[in-house]
Amino acid sequence: MTARYPQWSYAAALASLPLLTHRRLRWLMQAGEPSDVWRQIHEGDRFLNGVDEAVWRAWASTSDSLLISVAERCIDREIDVLTMNNSSYPASLVGDPEAPAVVFVRGNTEAFRHRRVGIIGTRAATSRGKHFAHTIGAQLAASGVAVVSGLARGIDVESHAGALSVMGETAGPPIAVVASGLDVVYPREHARIWEDVAMRGVLLSESPPGVHPEPFRFPMRNRIIAALSEVLVVVESRSTGGSMSTVREAMKRDVAVMAVPGSPGLRQSEGSNDLLRDGCAPVTSVDDVLLALNLDHRHAHQWCDTREVLLTDEAALLHVMGRGPRSMEEIAMLTTKSVVTTAVLLGRLQAKGWVANTDGWWEALVA
Amino acid sequence: MFAAVTSSTLLATMGSPIVVEAHVGQGIPAFTVVGLPDEGCRESRDRVRAAMLSSDLEWPTKRVTINLAGGGERRGGAGLDLAIAVGLLVATGVLSQQAVEGKAFVAELGLDGSLRPTAGMAPLVSAVGDHEVVVAATAVAEASLARAPRVRPVHTLKQLVEVLKAEEAWPHVDVPEPQVVMDEIADMADVRGQEMARLAMEVAAAGFHHVLLMGPPGAGKSMLARRLPGLLPRLTDEQAFRVAMTRSAAGMPMSAVIASSAPYRAPHHTVSMIGMVGGGSSHLRPGELTLASDGVLFLDEMGEFAPTVLDALRQPLEEGVVRLSRANGSVTMPAKCLLVAATNPCPCGVSSPMACTCTPIAKQRYLRRFSGPLLDRFDLRVELQRPSTSELTSTSKGESSAAIAERVQRVHELCLARQGCVNSSLSADALEEVAPLHDEALNVLRTHLDGGRLTGRGYHRIRRVARTLADLHHSDGPIGSEWVHLALAMRAKLHTGHGEMR
């Protein structure tokens, strides 16, 4: 029997069924052609074992209008639907026991063929952590490595902003794995970077278009980030943070987890420091990551710091600031300069992008 | 049968003269007050009657009409009691009209016939200052603030009648000469550390820039704000007089003392809209904004104030006056105050970023309590940290208020001579003229504008603050980059969410 609609739209419709888990979706997709499965569900044929009555009823209560609305959204928003037997489906997900049977993507799926490094971390990151994520994102992109991340606030978005800051044909494309539907931008202030990623890399989600970022979707998203990454770098994470769930998923899959050391006592670094204590490899520069990927790091550096060079007094101040946030009074005391002079120097450094100020606490942005 | 007696009534912070007409004629015995009297004035009848009977004066069993002649506003106040009583006595022939010519009567009557002070004695007496003003002897100190040349304090109604009948001389009560004094204001020297905040207070005083202090509890926000009036120049005679009038109109207890230091008001955060901007149903009362005029209005824990109350500050802060319009009239009250607000940087209020437990969203939500336009009013937004142990225990004192006030005074004089206003009121056009930027300074501002760290609104505010900083440091000519950097350091960026920044 020939299907009325293209097969991908049946796959998308199956992925949009209510009460779905990734396991049930995989069973459905393995049961036959998506169009046949769709027809069987609606004809009341309960062909799978281990699926509840209630679930069958909920599935059967859907109609072709669900299929049409999902398909229309996909066409409108230029969203592609990939199933596991599609050649564009990410190869690293194929062998994964918990892989999503259907994924929605926007952008260039060639990105999945690059070397891939996941960069994750807390949303409430320090300026210094964000700066590190930005820098390493840019350096990896300059080395042709794709940066995988979740487009959340903080570390996630900074790593992609860094990757996108590198121009050129050979730059590694960003891969963003998000929890909501690809047409539901979350958080809203990331709308622009969301578009940039779709333009120069690829956006991926297992949620069909229109789905809101419900909390349970984030751990699910994390397992895809872990599965897509060859190496996972944790920049800053609290010990209970969501990043730690990505780390657990990565460890299940034997993905190398690396962590960026942080100041002891800094809440934002508790989790990443715990990882180091437990034996994860440290990342202090991009070279560590490139070595873990077995890439030649000697020629890789096409990225250079574009910030304006420092004058002697500015460099001295930056040196004195050290690690960790400090108040202006503290810095003035350390430099034995007046607060006014310090404020002027810090202002100059901030304009050049060497220091950041959050709520009156100053941090040096040096990797 | 007919009499006209002068008195005065209170309109917000100002007194206005009024003629109380009394007519006693044939008819059914009655007592009516016409001419838009307020509730308090209608009660006068009973007080006046009791006072007259207690003073062995006859209450006319005739038809009595009292008219409060004057404009269209609702008038009243207990201060008209005495004028009504005297009007009745003239109308019934107990006193002659000549006896009350050139005199004004401002006092409330007690049931025992004694004269009592009423709220706003100073502006009430001031409004009829060219008359011989009869006031209660107990109100003489407050009445003296009006600087009326002929104040006649009297103890009782009976005594007044005897004086007006020329049977007795005016009782001897000393009318004190108002003393001009400085308030006791805590000294800046007590503030340990906080160099930036101290400088910000100096700039605030010198350029009349509104300040927002952000810092954890215990950083010294209130301490700094309390000391700000001590940095402001002494009030001019005219200002001090206005402040005294306003305080008296608000019913604050007054003595024969005129404060020449800038007023300081720190209303609690439960303050109502009317408490803040003024108003009220019986008579319009000045609010905290007006009481703080020519001085400092300090809002501690700004986030706890009702958002409507905070937003009501915006227009008065811009114009320097509060305009209140009610169904029965409108008034304008001065509101030229220096606003100092204090807030915690985030809901948890912990001092260090290592220990703060707030999510970025919670922080943004906290800051979103303040409307953007209000945040824009603050030229200076300073972040404070708790002073370190060594600063707290240090025995060396900071610079004294007097030394700072001297510099502030000089800048005020300089600004008045140069542009006729304080730096914070400079218009964008005037800025080009009196505060041109050095090339380097312009470049700094450009990078900040391009980098999205400065908004168009912030640009002009930074330039005004930079002008004040340069003035304080005797720097003439185009404004150098160091002042711009410093001004930027004193304007903390606030992330209010959705990538928006103020």
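In total, 25 residues of chain A are in contact with 22 residues of chain B. Contact requires C-beta atoms, placed from the backbone, to lie within 7 Å. The model is predicted: local features need pLDDT of at least 70, side-chain atom pairs count only at pLDDT 80 or more, and totals for chains, interfaces and linings use all residues. Residues are numbered from 1 along each chain as its sequence is written, while chains are lettered from A and ligands numbered from 1 in the order in which they are written.

On the side of chain A that touches chain B, two elements give two or more residues, α15 (328-335) and α16 (339-352) of chain A. Helices (H or I, at least four residues) and strands (E, at least two) are DSSP runs, numbered from the N terminus. The most comes from α16(A), with eight residues. By class, this side of chain A has twelve nonpolar, five polar and eight charged residues. Ala, Val, Leu, Ile, Met, Phe, Trp, Tyr, Cys and Pro count as nonpolar; Asp, Glu, Lys and Arg count as charged; the others, Gly among them, count as polar.

Chain A is assigned domain 1 (1-75), domain 2 (109-292) and domain 3 (312-364). These bounds come from an automatic or database domain assignment. The C-alpha centres of domains 1 and 2 of chain A lie 32 Å apart. Six residues from domain 1 of chain A and four residues from domain 2 of chain A form the contact. On the domain 1 side, α1 (7-15) and α5 (64-76) of chain A each supply at least two residues. Here α5(A) gives the most, with three residues. The domain 1 side has four nonpolar, one polar and one charged residues.

Chain B has 22 helices and 22 strands. Its C-alpha atoms fill a box of roughly 85 × 45 × 40 Å along the principal axes. Of the 502 residues in chain B, 48% are buried (20 or more other C-beta atoms within 10 Å of a residue's own, with C-beta atoms placed from the backbone).

An open sheet of five strands in chain B runs in the order β13-β16-β19-β11-β20, with parallel pairing. Pairing requires at least two DSSP bridges between two strands. The edge strands are β13 (264-265) and β20 (380-383) of chain B. Two bridges join β13(B) to β16 (residues 296-299) of chain B. One bridge partner is L297(B) in β16(B), facing R265(B).

Conventions. Buried ≥ 20, exposed ≤ 12 C-beta atoms within 10 Å, placed from the backbone. Contact = placed C-beta atoms within 7 Å.
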